[in-house]
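Visitor: I have a structure open on my screen and I'd like to learn how to read it. Could you take me through it, one feature at a time?

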Amino acid sequence: MNLLEYIEFRNTSFEYIKDKKVINSISTKVYKDDITAIVGPNGSGKTTLGKLMTGILKPTFGKVYMFNKDIKYMTLGQVGKQVGYLFQNPEKQFFSCTVEEEIGFVLKIKGFDREYIDKKVEYLLELFQLDHLKEAFPLKLSQGEKQRLAIAAILANEPEYLILDEPTKGLDMDRKTTLVNILEKLNEKGIGITLISHDYNLVNQISNRVIEIYRGEIVEDRRNKD
Ligand SMILES: Nc1ncnc2c1ncn2[C@@H]1O[C@H](COP(=O)(O)OP(=O)(O)OP(=O)(O)O)[C@@H](O)[C@H]1O
Ligand SMILES: [Mg+2]
């Protein structure tokens, strides 16, 4: 099998504070065809690793390559065209007055016509069971609704690769199942996914590779049977 590389970490380290390595010389490749899970205890460096995969953070030492390009020389705009990133606390990113505007915002900026945007927004509202809330103020939504809105807004941009930091936080069982189905369908369509999660059920259910980190180092890396 010839797997397409999405990210390569090469002796990658990261420090928020000088001489305190939060990511400690990680070397591995993450492939586009996989649903890769990153697991590990609180504070082990999962979110930091996710941010290194999006160029939000640049390595303090070592290299990160995205599609074989050194991420150091890529702007967030260049990365953002290809990669959708769900923040651990996505409501911090909301800025629109209504749910439908939040989902359609990027499409509007990109200059798509009204009809295309409306159709896409409607589709995503229905997919994420948010249709009844389309005129609601995003910050007033429940946690599960906010989480679904954030994912819907990311998917509107049709990313090639998705990085989701704790995507099931606040979702009930039914909504979790719906999300799993959506992610599996996206992956079948060729969209690569990295899932940062404490939810072992979710991880075992959908990921075919699990990377476990502890204190900024990879302590286990296993492939589940497909
Ligand atoms: N902006 C920051 N400044 C300084 N230290 C930070 C900063 N952000 C994170 N850290 C530290 O880096 C380490 C790794 O944090 P990170 O958020 O990557 O962990 P995590 O595995 O995502 O944890 P959680 O499971 O709680 O989400 C922690 O010790 C944390 O305190
Ligand atoms: Mg985290």
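Visitor: Let's start with helix H3. Which residues of H3 are buried?

Guide: This is a predicted model, so keep that in mind throughout. In H3, the buried residues are Val99, Glu102, Ile103, Gly104 and Leu107.

Visitor: And what do the buried residues of H3 pack against?

Guide: They pack against H4 and H5. After H3 comes Gly111, with a positive phi near 85°.

Visitor: How should I think about the inside of a protein like this?

Guide: In soluble globular proteins, nonpolar side chains tend to be buried together. Here the largest nonpolar core has 34 residues, and the members that touch the most others are Ile103, Phe128, Leu155, Leu162 and Leu183. Two or more residues come from each of helix H3 (99-109), helix H4 (114-127), helix H5 (143-156), strand E7 (161-165), helix H6 (173-188), strand E8 (192-196) and helix H7 (200-206).

Visitor: Which element gives the largest share of this core?

Guide: That's H5, with seven residues.

Visitor: Now the ligand. Which residues surround ligand 1?

Guide: Here's the list: Tyr16, Val22, Pro41, Asn42, Gly43, Ser44, Gly45, Lys46, Thr47, Thr48, Gln88 and His198. Sorted by class, that shell has three nonpolar, eight polar and one charged residues. Helix H1 (residues 46-52) gives the most to the shell, with three residues.

Visitor: How much of the accessible area of ligand 1 does the protein cover?

Guide: On its own, ligand 1 has 640 Å² of accessible area, and the protein covers 60% of that.

Visitor: Back to helix H6. Is Asn187 buried or exposed?

Guide: Compare the relative accessibility with the cut-off, which is under 20% for buried. Asn187, found in helix H6, counts as buried because its relative accessibility is 18%. Its contacts, not counting residues up to four places away in sequence, are Lys32, Asp33, Asp34, Ile35, Gly192 and Ile193.

Visitor: What about Val180?

Guide: Val180 also lies in helix H6. With a relative accessible area of 4%, Val180 is buried. Setting aside residues up to four places away in sequence, Val180 touches Leu202, Gln205 and Ile206. For a sense of distance, Val180 and Gln88 are 92 residues apart in sequence, and their C-alpha atoms are 18 Å apart in space.

Visitor: Where is Gln82, and how do I class it?

Guide: Gln82 sits in helix H2 (residues 76-82). Its relative accessibility is 22%, so Gln82 counts as partly exposed. Beyond residues up to four places away in sequence, Gln82 touches Met66, Phe67, Met74, Pro159, Glu160 and Tyr161. Gln82 and Asp113 are 31 residues apart in sequence and 21 Å apart in space, C-alpha to C-alpha.

Visitor: Are Glu166 and Arg215 buried or exposed?

Guide: Glu166 counts as buried, at 9% relative accessibility. Arg215 is exposed, since its relative accessible area is 64%.

Conventions:
Residues are numbered from 1 along each chain as its sequence is written. Chains are lettered from A and ligands numbered from 1 in the order in which they are written. This is a predicted model: local features need pLDDT of at least 70, side-chain atom pairs count only at pLDDT 80 or more; totals for chains, interfaces and linings use all residues. Side-chain values use heavy atoms; hydrogens and water are left out. A residue is near a molecule or strand if one of its heavy atoms lies within 4 Å of it. Accessible areas come from the Shrake-Rupley method with a 1.4 Å probe; for residues, only the protein chains shown count as cover. Helices (H or I, at least four residues) and strands (E, at least two) are DSSP runs, numbered from the N terminus. Ala, Val, Leu, Ile, Met, Phe, Trp, Tyr, Cys and Pro count as nonpolar, Asp, Glu, Lys and Arg as charged, and the others, Gly among them, as polar. A nonpolar core is a set of buried Ala, Val, Leu, Ile, Met, Phe, Trp, Tyr and Cys residues joined through side-chain atoms within 4.5 Å. Buried means under 20% relative accessible area, exposed over 50%, partly exposed in between (1.4 Å probe, protein chains only). Contact means heavy atoms within 4.5 Å.
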